Amino acid sequence: MPAVSKGDGMRGLAVFISDIRNCKSKEAEIKRINKELANIRSKFKGDKALDGYSKKKYVCKLLFIFLLGHDIDFGHMEAVNLLSSNKYTEKQIGYLFISVLVNSNSELIRLINNAIKNDLSSRNPTFMCLALHCIANVGSREMAEAFASEIPRILVAGDTMDSVKQSAALCLLRLYKTSPDLVLMGEWTSRVVHLLNDQHMGVVTAAISLITCLSQKNPDEFKTCVSLAVSRLSRIVSSASTDLQDYTYYFVPAPWLSCKLLRLLQCYPPPEDGAVKGRLVECLETILNKAQEPPKSKKVQHSNAKNAILFEAISLIIHYDSEPNLLVRACNQLGQFLQHRETNLRYLALESMCTLASSEFSHEAVKTHIETVINALKTERDVSVRQRAADLLYAMCDRSNAKQIVAEMLSYLETADYSIREEMVLKVAILAEKYAVDYSWYVDTILNLIRIAGDYVSEEVWYRVIQIVINRDDVQGYAAKTVFEALQAPACHENMVKVGGYILGEFGNLIAGDPRSSPLVQFNLLHSKFHLCSVPTRALLLSAYIKFINLFPETKATIQEVLRCDSQIRNSDVELQQRAVEYLKLSSIASTDVLATVLEEMPPFPERESSILAKLKKKKGPGAVSVTELEDSKREGGELNGGGDRGPDTASTPSPSADLLGIRSAAPVGAAPASAGSLLVDVFSEAGTTTTLPSSSLFWLLFVCKNNGVLFENQLLQIGIKSEYRQNLGRMYLFYGNKTSVQFASFTTTPQLNVQTKPVEPLVEGGAQIQQVLNIECLTDFSDAPLLNIKFRYGGALQNLTLKLPVTINKFFQPTEMTSSDFFQRWKQLSQPQQEAQKIFKANHSMDTEVLKAKLLGLGTALLDNVDPNPENYVCAGVIQTKGQQVGCLLRLEPNAQAQMYRLTLRCSKDSVSRRLCELLAEQF
Amino acid sequence: MFSLISSFQMQFMLLFSRQGKLRLQKWYVPLSDKEKKKITRELVQTVLARKPKMCSFLEWRDLKIVYKRYASLYFCCAIEDQDNELITLEIIHRYVELLDKYFGSVCELDIIFNFEKAYFILDEFLLGGEAQETSKKNVLKAIEQADLLQESFDEQLHSVLTTVTDTL
């Protein structure tokens, strides 16, 4: 036992913990725990009423057992009993148990809420804090329902103790995150904002987290916080290191609060008021100046706290992206950190510089550090730091330094950690393509990639090199020569064989004049690799062979012999066998003309976004999406010439639209290259936020019952949408049209759930349109639509919009036809009160029968005739398909033409769906 | 897989020993027990595999991990992509200072035997993943007041009486 045993020593607990620690084996520990559990169970069940102390002790033991990693399925009731104890320690342990082992048992939640209610109204600050902590720890919807209206009152009341205010602010924040719909700030808004002026630094520190979160969602309502935050920051920054007493941390005044203030300001554009802006710039300058001053302490805590503020200030400077002077100073400061002896600082400097590299004001300044960054890539001992260095090189790359950076990244690849190779390969491939001045350099780079890190070269990368070679006739001869040379190596990677097979099959004729690479030599070289390759590669090689027969009639006999041999024509793999048989037949019966037509050179591919860029973006996406992506790319993989499921006829006569290489197809629109590829949006909805441009919400509503149209339009930009849904999947094409005659720079779009760390920077030319495809999967039912954030630069100004994507739950409807009796039988089955949602509302649009029918059909349900005894009424049925479950829905709409009113009733097997559909539809008629 | 609500806050904090034993866990986002166990297992392994002089931050799934070792204990926080790593490192340090001040030269055993106190102190300092009170004095004052409160309830008399039967 430790010497310290403050407050109440629970001897029994200490003995138990010692016992566990003395257990020599896992088995002994489990035995001891089971003995204890049996003991506690019998005590809880026993006839003798336990006193509060024993209850507390046993509940505490259960907690300890749980924290050891064992499941606890009883004791909740005893813990709840402790909540109403008038002894503080018993209450406290009760609350701790509830916080750690929360259980959504509704029976208990009601009891817990009762106890919390009592403590909140006790006016004893210690008890109030305990209750608030519990709400903040559990944060369930039930708690939000019970307390969301009470807590703002506690937060702003004049007589609330400071410590209670602090807990109330963060408690409210937690509830807002779980149930934003239940936390209505309305009348409290301005008083909450003014907490930034509170005398008590602790209150400000707690309140600012709440204000930041609320500002992100409702920037307009909270915008007065900007000037308050600036003046608070200014007071802190200019204070002496002792002014703030205990809020000074290792000689740094209020570091946590400073960081939070700077973070809050990042929710807003630069202040419009000149005086406020001047004051803020002064603060930022002071922070940058302080970084140059000698440290007030040698302790790492001092420099960490100081630099935490500095990095947050730099984030704000980057966010504003309008003060060239500050941007360059920030860059210089980070440059110093690049060589700092603290690994943490080097890491952060590399990370932060990555964002600076994308600003036009600081891009050049960042580039001056290239040597240091390359050195970091080579010498850093920690892989996470090397990763940052590689990221930064990628970000700072442009036409002027591309060759150097690509060369360095290639040589790093030879020794790079396995964990980051695939991403490195993608980045090298992208840079090589993006900044290629001469395409022979590009081809060399990609072939080097395959040579160095063949295993990590994904299909997208080698598809892409073929796509480019086919589209650029100036590089075809060089490519053929280079792959031919590369294939000479005794051991070459299978991906090299694929590229080689494809390119020689198309362009082998360009080097056939040289006797060292005569047709037969080429064929023998390829065929020498054949037996070492996997089935898909062999299939690709067979296609190359038939192309050889067309290109070089002199190879016909040799190749036919190969095709004819048993190992081909009777291959156990059906795809190989079929190819061998069909190619053999084709070569024997088709005339030269037919052969030449069928085996014509591949036509150029339509220009579209590089599939590897899409792949990199996907790699950076959130984990939630990755499974679908894998399936996706597997499916697409099959489309390649060498892939599994292609018959020989299509392999040899590709139509121009055959989607061989691009991962996402869709008719290209306009002349500009299509932008961002497919990003899978996870519709799982908890992350929903509600702020959108007001102008878009009307447009948005129109999409509930239709799938195509204009989602957004202003003077600059028009966004059109086409979408299609099948079961729980959907695909949405977004068309971004530049309505001006000026180019949009740095155009990026980010679906809210996709954390995209590296911005792509395509340009949208004046008058042009670009396209994006989103694949959508409905995981569960949801109410908030996913958001799409769009940023671009028009002239000098940064445009930033957030739109709600018109993805609503009804999009995943499958219509269900049923008879009248079936309908009413099911209607009756869905009779629990919460399964039904009903609304009576005034007609906002025409009540014409045809219009209504069109809307109901657009909704996605089946419109059932002759079901409702009243022919004026409409009934519909459908099933909503989500990944996890199917939700049956029945709908009845009763118009009253005289009163211009409707009554809408929904019954669904899931109550949240009824509610959501009812809300959505009430606005449609 | 798990996707997290996007707003700046700490996602969870874990304390574990050099042997990989979990000493304290605090979750600020709702996750199932199964997910919590999986995350804990993976993360403990990842962090323990790192060498002493390495950087205190690492990317893990779509989160950033900030960790620091104090004697035999690792303190490890998960924050989001845009969050401030250095200030999180100092959150850890302040928590260690609070424990140290309360227990008087805190060691791993103090946290094992008084785990409930470690939780109470953490709740006073961080609530819902955000700093609630960063002043050391104020946090300790709140905890000490609570300790006083319990002593006034005749608790000691009670424990003396029960000691005899309480040793199992």
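**Chat about the model**

Modeller: Chain A has 40 helices and 16 strands. Keep in mind that this is a predicted model.

Biologist: Okay, and what share of chain A is buried?
Modeller: Of its 925 residues, 58% are buried. As for contacts in chain A between residues at least 6 apart in sequence, 69% join residues at least 24 apart.

Biologist: Let's switch to the interface. How many residues of chain B are in contact with chain A?
Modeller: On the chain B side there are 75, and they are in contact with 92 residues of chain A.

Biologist: What area is buried between the two chains?
Modeller: About 7500 Å² is buried between chain B and chain A, with carbon and sulfur atoms giving 57% of that.

Biologist: And how many salt bridges does the rule find across the interface?
Modeller: The rule finds 6. One of them joins the side chains of B:Asp83 and A:Arg263, at 3.5 Å from N to O.

Biologist: Which element gives the largest share of the chain B side?
Modeller: That would be α2(B), which supplies 11 residues to the side touching chain A. By class, that side of chain B has 26 nonpolar, 18 polar and 31 charged residues.

Biologist: Tell me about that helix, then. How does its span compare with 1.5 Å a residue?
Modeller: Helix α2 of chain B covers residues 85-103, and its 19 residues should span 27 Å; the end C-alpha atoms are 27 Å apart, so the two agree.

Biologist: How many of its residues are buried?
Modeller: In α2(B), 17 of the 19 are buried, so the helix is largely enclosed by the rest of the structure.

Biologist: What caps its N-terminal end?
Modeller: B:Asn84 does, with a side-chain oxygen 3.2 Å from the backbone nitrogen of B:Leu86. Just after the helix, B:Gly104 takes a positive phi of about 75 degrees.

Biologist: Back to chain A. What is the phi of A:Phe251?
Modeller: It is positive, about 70 degrees, although A:Phe251 is not a glycine. Most residues other than glycine have a negative phi. A:Phe251 sits in the loop between β1 (248-249) and β2 (252-253) of chain A, and its 41% relative accessibility makes it partly exposed.

Biologist: Nice. And where is A:Gln900?
Modeller: A:Gln900 is in the loop between β15 (886-896) and β16 (901-908) of chain A. Its phi is near 55 degrees, a positive value in a residue other than glycine. With 38% relative accessibility, A:Gln900 counts as partly exposed.

How values were computed:
Residues numbered from 1 in each chain as written. Chains lettered and ligands numbered in written order. Predicted model: local features only at pLDDT ≥ 70, side-chain atom pairs only at ≥ 80, totals over all residues. Heavy atoms only, no water. Helix = DSSP H or I, 4+ residues; strand = E, 2+ residues; numbered from the N terminus. Expected span 1.5 Å × (residues − 1). Buried < 20%, exposed > 50% of the residue type's maximum accessible area, 1.4 Å probe, protein only. Polar contact = N/O pair within 3.5 Å; in protein donor to acceptor, adjacent residues only side chain to side chain. Contact = heavy atoms within 4.5 Å. Buried area = accessible area lost by both parts, 1.4 Å probe. Salt bridge = Lys/Arg side-chain N within 4 Å of Asp/Glu carboxyl O. Nonpolar A, V, L, I, M, F, W, Y, C, P; charged D, E, K, R; others polar.
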